[in-house]
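Take a walk through this structure.

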Amino acid sequence: MRRDWVNKLFIERSDLYLRLLNQRWLGTEELVDGMTKVLDSFGIKAGHLLDLCCGNGRISIHMAKKGFKAVGVDISRAFLEAGERKARELGVSNLVTFLEGDIRKLEEVVRTRYSRPFDVVVNAWASLGFYEKEDDLSMFKQARQLSKEGSILFVAETTHTEYLSIKFAPTSYIDLNRFVILENRRYEPLTSQVSTSWIFYNKRGQDLELIDKVEITHHIYSLSELSSLLLKAGWKTVASYGNLSTLQSMSPLTHMNIVAKAV
Ligand SMILES: C[S@@+](CC[C@H](N)C(=O)[O-])C[C@H]1O[C@@H](n2cnc3c(N)ncnc32)[C@H](O)[C@@H]1O
């Protein structure tokens, strides 16, 4: 079953969420620099990369600029079309393939268009926990099936339960010039679910004009919980970082970035 909020936030209101995806491009070059340093340490300097839930392709496109052949999979056609436009603008469309499809049917979606095994898999910016835990397990298992032995998986820029237990913010907002996103959150430690109301406004002078509201719920992992799920899927965690751009170590006050190796 497709979660209604996934449909609403990423497909029906892709016009609103796309503004956030565009803003996220800032800092992606540094993130990808860090990722390539890590890959270098495993002897991977080029190859095929699979970008799970790629959005408008910021990781795929930046990795293509480094010479990787990238395949991005996402459920939102609007995001992929925006990614295709950016890949053309940046002169890497020959290195990036965008595939529309549901990550829960990853193997089917990828195998119809791409036959080469992957050297690198990326799941960036909280692109998990949307459905059941079994769906995350299945996504990583399928990604493993599509990859070579020794390939590297990054679960990047993701929040984690240790962070929430210290720094949980019930409210925050993002100001995007003439547009504001307000987030009101509830965290349920017993189930590790965060429920968030995303409220989108246009700025009109001193006032805010409501555009739309989307209620979302997703599961937040701890490092150990996600590492054991990854291991069940055939990925052994070999490092964790707080910041992949600087390779700073992970702590309860940082993001979670996992590096895992296909076993
Ligand atoms: C938080 S965004 C992250 C986008 C991208 N990874 C990035 O770092 O910019 C989550 C993405 O997951 C995609 N998504 C959600 N459910 C999906 C599904 N079942 N199959 C494929 N993509 C999905 C959304 O369309 C959205 O682009």
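Ala, Val, Leu, Ile, Met, Phe, Trp, Tyr, Cys and Pro count as nonpolar, Asp, Glu, Lys and Arg as charged, and the others, Gly among them, as polar. By that rule, the shell around the ligand holds 14 nonpolar, 3 polar and 5 charged residues.

This is a predicted model: local features need pLDDT of at least 70, side-chain atom pairs count only at pLDDT 80 or more, and totals for chains, interfaces and linings use all residues. Numbering runs from 1 along each chain as its sequence is written.

In total, 22 residues surround the ligand; to be near it, a residue needs its C-beta atom, placed from the backbone, within 6 Å. The closest are Phe10, Cys53, Gly55, Ile103 and Trp125. Helix 1 (4-12), helix 4 (58-65) and strand 2 (69-74) each give two or more residues to this shell. Helices (H or I, at least four residues) and strands (E, at least two) are DSSP runs, numbered from the N terminus.

Now find Leu52. Leu52, Val122 and Ala143 have the most contacts inside the largest nonpolar core, which has 62 residues. Such a core is a set of buried Ala, Val, Leu, Ile, Met, Phe, Trp, Tyr and Cys residues joined through C-beta atoms within 7 Å. In soluble globular proteins, nonpolar side chains tend to be buried together.

Conventions
Buried ≥ 20, exposed ≤ 12 C-beta atoms within 10 Å, placed from the backbone.
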